[in-house]
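Student: I have a structure open and want to learn how to read it. Can we go through some features together?

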Amino acid sequence: DFGALSLPDALRLLFAALRCPGEAQKIDRLMQAFARSYFGDGHAPFRDADEVYAVAFSVMMLNVDQHNPSVRSKMSKLQFVTNTRRAASHVP
């Protein structure tokens, strides 16, 4: 239950509680389960769990981009916003 947590805070809680698997398929399943649970808790402004998934995945990728030293070309704020808006067009 993610209660009244914002999406970034809910993701922090999730990843603090477990070790993220290295396989893309496992991460995808984890993020899908998170999105269903987060959406099921009634968080606006999301229309469905797929939209939660898209935005949550985008936030997770931003975190990797910003904190992984092997990523040399960091994503700009504009790139992040553009990519996220493509994934979930009506989320402010």
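**Reading rings and helices**

Tutor: Start with the aromatic rings. Phe2, Phe34, Tyr38 and Phe46 are linked into a cluster by ring pairs. Keep in mind that this is a predicted model.

Student: How many aromatic pairs does the structure hold?

Tutor: Five aromatic pairs. Take Phe34 and Tyr38: their ring centres are 5.6 Å apart and their planes meet at 25°, so this pair is stacked.

Student: What describes a pair of aromatic rings?

Tutor: Two things do: the distance of the centres and the angle of the planes. Planes under 30 degrees apart count as stacked, and planes over 60 as edge-to-face.

Student: Where do Phe34 and Tyr38 sit in helix H2?

Tutor: Helix H2 covers residues 24-40. Phe34 and Tyr38 are four residues apart in it, so about one helical turn separates them.

Student: Are Phe34 and Tyr38 buried or exposed?

Tutor: Both Phe34 and Tyr38 are buried. The cut-off for buried is under 20% relative accessible area. Tyr38 has 3%, so Tyr38 is buried.

Student: Which kind of pair do Tyr38 and Phe46 form?

Tutor: Look at the angle again. The planes of Tyr38 and Phe46 are at 75°, with the ring centres 6.3 Å apart, so the pair is edge-to-face. Phe46 has a relative accessibility of 11%, so Phe46 counts as buried too.

Student: Now the helices. At what angle do helix H3 and helix H4 pack?

Tutor: Find helix H3 at residues 49-67 and helix H4 at residues 77-87. Their angle is about 160°, and their axes are 9 Å apart. Angles over 145 degrees count as roughly antiparallel. H3 and H4 are therefore roughly antiparallel to each other.

Student: Is the crossing left-handed or right-handed where H3 passes H4?

Tutor: Right-handed.

Student: Which residues of H3 meet H4?

Tutor: From H3, Ala54, Val55, Ser58, Val59 and Leu62 take part. They meet Phe80, Thr84 and Ala87 in H4. Sorted by class, this contact has six nonpolar residues, two polar ones and no charged ones.

Student: What about Asn83: buried, exposed or partly exposed?

Tutor: First place it: Asn83 is in helix H4. Its relative accessible area is 38%, so Asn83 is partly exposed.

Student: How many residues apart are Asn83 and Met31 in sequence?

Tutor: They are 52 residues apart in sequence. In space, C-alpha to C-alpha, Asn83 and Met31 are 18 Å apart.

Notes: Residues numbered from 1 in each chain as written. Predicted model: local features only at pLDDT ≥ 70, side-chain atom pairs only at ≥ 80, totals over all residues. Heavy atoms only, no water. Phe/Tyr/Trp six-rings, centres within 6.5 Å; stacked < 30°, edge-to-face > 60°. Helix = DSSP H or I, 4+ residues; strand = E, 2+ residues; numbered from the N terminus. Buried < 20%, exposed > 50% of the residue type's maximum accessible area, 1.4 Å probe, protein only. Axes fitted to C-alpha atoms, helices over the stretch in contact; angles between N-to-C directions. Parallel < 35°, antiparallel > 145°, perpendicular 65-115°, else oblique. Left-handed = near helix turned anticlockwise from the far one by under 90°. Contact = heavy atoms within 4.5 Å. Nonpolar A, V, L, I, M, F, W, Y, C, P; charged D, E, K, R; others polar.
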